[in-house]
Amino acid sequence: MRFFIYLLTAFVVLSSCEESANSNVKEDPISKRENKDWSKEFKEFKDRTIKKGQKLSDELKKKWKEIEINGFSVEDDMKMGQQLYDEINSSTDYKIVSKIENPKVYEYIENIKKTILANGSFRYKDKYEWKITVLNNDNTINAFCAPGGYIFIYTGILKYLDNEAELAGVLAHEMGHAERRHGTRQMSKAYGIKILLDFIFRGENSQYFTQVIGGLLSLRYSRAYEREADECSVNYLCNTSYQSDGAAGFFEKIVKEEGARSVELLSTHPDPSERIKNFHSLKKELNCKGTQNYSERYRTIKMLRIK
Ligand SMILES: [Zn+2]
């Protein structure tokens, strides 16, 4: 009985998950896929199950695996991202580049971020934080975006890239992960329904809460999500003056220098050659017109000494 009440409440929570998103935005093909309304299907399933008097938990577990649904709410994403942001900021493992001492670096990245967000296909443009943090570590060629839009960029990747279109492409890719809620979607699949229900009903009191936040840092996205974020990257840059396949430049460099040094992204993401091809073909497919890579102004920023 207790589980049954949980289940009913879960329907309410689940069906309200996506409603808070702005529906008045340009739909892109990926949104359409994600926007499929599962609530009807869940209701039918619930009625059928109750009628038959079946064991709820097993069937729900099976159903959960069958369809891809995010058991976390958008607010959960934001809460988790904030928590992760706080942890990184208070941890001695990370050296945060000061915004006050390095205003030009932050202003520069802020402007790129604004251009990406102006694209019109973000559902959480005004809801998420989209907060930028630069992490001081020249050996880490990486960037990531936590749920809720907390963007982290290592100085290592800023120094590795050759032009602004590449950085815009990488940022758009990472922002795509947050916008598409890949972190919590992947966790929904990985952790299963038990942990989700515990999290949904006990929130921060959930015994798994810390575990889930910790999991975000070591999270490896599935190939499908990487592909989706690559599609986001081209899509978000398509109506800007940037070469919309800018992220390809990053992977081209990796392929060229493969073996020369350890690149974290290379070992965790799908085959870079395949991704390069996809970036170029998607740009063509979407008929993106941008041609700029702004290598000059990128050089100026790269030359700044980070304090
Ligand atoms: Zn990615």
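Strand 1 and strand 3 (residues 150-154) are paired in the parallel sense through five bridges; strands pair if DSSP finds at least two bridges between them. The model is a predicted one, in which local features need pLDDT of at least 70 and side-chain atom pairs count only at pLDDT 80 or more, while totals for chains, interfaces and linings use all residues. Residues are numbered from 1 along each chain as its sequence is written, and side-chain values use heavy atoms, with hydrogens and water left out. The protein chain contains 15 helices and three strands; helices (H or I, at least four residues) and strands (E, at least two) are DSSP runs, numbered from the N terminus.

**The chain as a whole**

- Of the 307 residues in the protein chain, 51% count as buried, where buried means under 20% relative accessible area, exposed over 50%, and partly exposed in between (1.4 Å probe, protein chains only).
- The protein chain exposes about 15,300 Å², and carbon and sulfur atoms supply 50% of that area; accessible areas come from the Shrake-Rupley method with a 1.4 Å probe, and for residues only the protein chains shown count as cover.
- Among contacts between residues at least 6 apart in sequence, 75% join residues at least 24 apart; contact means heavy atoms within 4.5 Å.

- The three strands form an open sheet in the order 1-3-2, with mixed pairing.
- Strand 1 (131-135) and strand 2 (143-146) stand at the edges with a single partner strand each, so one side of each has no neighbour in the sheet.
- From one strand to the next, the twist averages 20°.
- Strand 2 and strand 3 run antiparallel and are joined by four bridges.
- These two strands, strand 2 and strand 3, form a hairpin with three residues between them, and Gly148 in the turn has a positive phi of about 85°.
- Phe152 in strand 3 stands opposite Thr133 and also opposite Phe144.

**Helices on the sheet**

- Helix 5 (residues 74-90) packs on the sheet and touches strand 1, strand 2 and strand 3; its direction makes about 35° with that of strand 3. Axes are lines fitted to C-alpha atoms, for helices over the stretch in contact, and angles run from 0 to 180 degrees between N-to-C directions.
- Helix 6 (residues 103-117) also packs on the sheet, where it touches strand 1 and strand 3, and its direction makes about 135° with that of strand 1.

**Buried positions**

- Strand 2 is covered on both faces: Ala143 and Cys145 on one side, and Phe144 and Ala146 on the other, are all buried.
- Ala146, in strand 2, has a relative accessible area of 3% and is therefore buried.
- Apart from residues up to four places away in sequence, Ala146 touches Gly81, Leu84, Phe152 and Ala178.
- Ala146 and Gly183 are 37 residues apart along the chain, and their C-alpha atoms are separated by 7.5 Å.
- Ile116 belongs to helix 6 and is buried, with a relative accessible area of 0%.
- Leaving aside neighbours within four places in sequence, Ile116 is in contact with Phe122, Ala168, Leu171, Ala172, Met175, Tyr236 and Leu237.
- Ile116 and Thr240 are 124 residues apart in sequence, yet 8.1 Å apart in space, C-alpha to C-alpha.

**Helix pairs**

- The axes of helix 11 (residues 223-237) and helix 14 (residues 272-285) come within 10 Å and cross at roughly 40°.
- Helix 11 and helix 14 are therefore oblique to each other; angles under 35 degrees count as roughly parallel, over 145 as roughly antiparallel, 65 to 115 as roughly perpendicular and the rest as oblique.
- The residues in contact are Glu226, Arg227, Asp230, Glu231, Ser233 and Val234 of helix 11 and Glu274, Arg275, Asn278, Phe279, Leu282 and Lys283 of helix 14.
- Helix 8 (residues 164-179) and helix 12 (residues 246-257) pack at about 100°, with their axes 6 Å apart, and are therefore roughly perpendicular to each other.
- Ala165, Glu166, Gly169 and Val170 of helix 8 meet Gly246, Ala247, Gly249 and Phe250 of helix 12 in this contact.

**Loop residues with positive phi**

- Trp130, in the loop between helix 6 and strand 1, has a phi near 50°, a positive value in a residue other than glycine.
- Trp130 is buried, with a relative accessible area of 2%.
- Asn287, in the loop between helix 14 and helix 15 (295-303), has a phi near 55°, again a positive value in a residue other than glycine.
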